[in-house]
Amino acid sequence: MVGAGYAGLLATKRLDRLLRRHDVTITLVNASDRFVERVRLHQLAAGQGFSDHSSLRRQLDGTSVRLVVGRVTAIDAASRTVAVDTPQAVGAPPASIDYDTLVYALGSGARLDDVPGAPAHAYAVADLEQATRLRHRISQMAVRGTVVVVGAGLTGLETATEVAESCPELRVRLLTSADGVGSGLMPRARRHLRYALDRLGVVVHTKTVVAEVREDGLDTCDGVPFAAETVVWATGFRVPELAHASGFATGEDGRMLVDATLRSISHPDVYAVGDAAAGISPSGAPGRMSCQSALAMGRGVADVIAARLSGAEPEPVRIGYVFTNISLGRRDGIIQFTRADDSPRRFVLTGRAAAVFKETVVRSTVRKPRGGSVCSG
Ligand SMILES: Cc1cc2nc3c(=O)[nH]c(=O)nc-3n(C[C@H](O)[C@H](O)[C@H](O)COP(=O)(O)OP(=O)(O)OC[C@H]3O[C@@H](n4cnc5c(N)ncnc54)[C@H](O)[C@@H]3O)c2cc1C
């Protein structure tokens with residue numbers, strides 16, 4: 001198993017339980033020894049405390065899983081080996097780990113190379129290091145300093161509102177190339193979103209495309225400069241190039257192409273789950289990168305592998321959606337209930353009840369140690 005995020009960790013624990021009576025060794029390789037609750041990284045960036053159920057060793061207590069802390073640098077599908085750079089062996093050649101079955105669960109990161117200047121000057125919340133860097137930056141900003149968040153998808157919305165609520169002394173602007181915010185939400189949810197952004201003082205700039213990020217702000221394609229001490233890049237996620245570089249079949253966005261059992265369409269001994277996999281959702285398209293899909297895939301891949309090892313034909317893995325969960329600071333939110341294909345239902349929850357709902361769901365994703373069915377949307 002490579003990657004111990006929502007998908008990889010759930011799959012590992014569930015496989016450990018399902019394969020207890022088999023003569024199987026499960027090795028989990030992860031870049032750090034912590035489980036990172038990515039869905040809370042905007043909270044971390046805004047200066048809030050971070051949860052402490054993060055030790056992977058503690059998460060794996062009571063299992064027979066072997067944890068290897070290190071960064072996967074290459075996968076050799078021909079020799080079925082994974083090369084891992086371990087922190088203990090700096091300067092030494094990467095460790096080589098053999099596999100019979102590989103589950104690829106390396107998640108995703110920020111799309112910082114979208115425009116010139118962003119890699120050097122923009123901040124992000126897609127991983128722990130980036131969110132920690134942003135937190136540090138924000139803590140040093142002067143009163144009335146400006147934070148510009150680029151991208152009004154779920155991560156951009158959650159980041160802009162969280163920073164605005166936690167740091168009311170700062171000015172927050174939200175830039176989007178779209179002509180509005182909250183596409184995919186029912187009208188009542190969209191209205192609530194606009195209301196919440198206004199209430200928190202977040203100024204929204206629609207139809208605004210960024211051409212370049214500078215040290216002191218950014219320029220738009222219309223030639224309009226925005227001055228900002230801090231630019232946060234939240235235009236979506238990009239997956240690691242490792243799957244493509246290692247010769248696995250991948251889509252245009254680099255996600256590993258898999259069949260209905262999450263098995264690589266090019267390499268039958270390899271599976272992919274979570275953001276890094278193009279798992280097919282009920283709409284027929286690859287599912288959206290989300291905790292909800294990651295948990296469904298993590299659970300599903302464990303069942304598939306256990307079934308195949310027992311000589312049974314596995315069921316296809318169902319990646320269905322239940323809701324889209326948006327936090328708007330700690331006291332407000334939107335739960336847009338959805339059909340399995342992720343299209344919105346009429347039912348929407350807003351305000352404090354939505355904030356409590358989301359907090360409950362997020363907590364349950366880390367508390368469920370053995371592969372329950374709770375998911376975050
Ligand atoms: C701020 C923010 C808020 C979000 N809010 C929501 C939300 O409300 N609801 C929702 O559904 N989704 C949300 N998401 C998206 C959600 O976090 C991801 O979809 C989810 O984390 C994907 O899970 P995963 O297991 O595929 O990958 P990840 O959780 O990213 O885990 C990948 C793991 O692989 C490890 N790794 C990566 N590369 C290597 C390597 N080369 N070698 C070894 N290890 C490696 C990483 O360290 C990590 O442990 C949010 C994301 C962010 C950033």
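How many nonpolar, polar and charged residues are in the lining of the second largest pocket? The lining has 14 nonpolar, 3 polar and 3 charged residues, with Ala, Val, Leu, Ile, Met, Phe, Trp, Tyr, Cys and Pro counted as nonpolar, Asp, Glu, Lys and Arg as charged, and the others, Gly among them, as polar. This is a predicted model, where local features need pLDDT of at least 70, side-chain atom pairs count only at pLDDT 80 or more, and totals for chains, interfaces and linings use all residues. Numbering runs from 1 along each chain as its sequence is written, and side-chain values use heavy atoms, leaving out hydrogens and water.

The pocket itself (on a 1 Å grid over the protein atoms alone, an open set of points where a 1.4 Å probe fits, with protein on both sides within 12 Å along at least five of seven lines; lining residues have an atom within 4 Å of a point) holds about 410 Å³ of space, taken as the space filled by probe spheres set on the points. Of its 20 lining residues, Thr 25, Ile 26, Tyr 99, Asp 100 and Thr 101 come closest to the centre.

As for confidence, mean pLDDT (the predictor's confidence in each residue, from 0 to 100) is 93, and 95% of residues reach 70 or more. Residues 368-377 stay under 50. Where pLDDT is low, the predicted coordinates should not be read in detail.

Definitions and conventions. Contact = heavy atoms within 4.5 Å.
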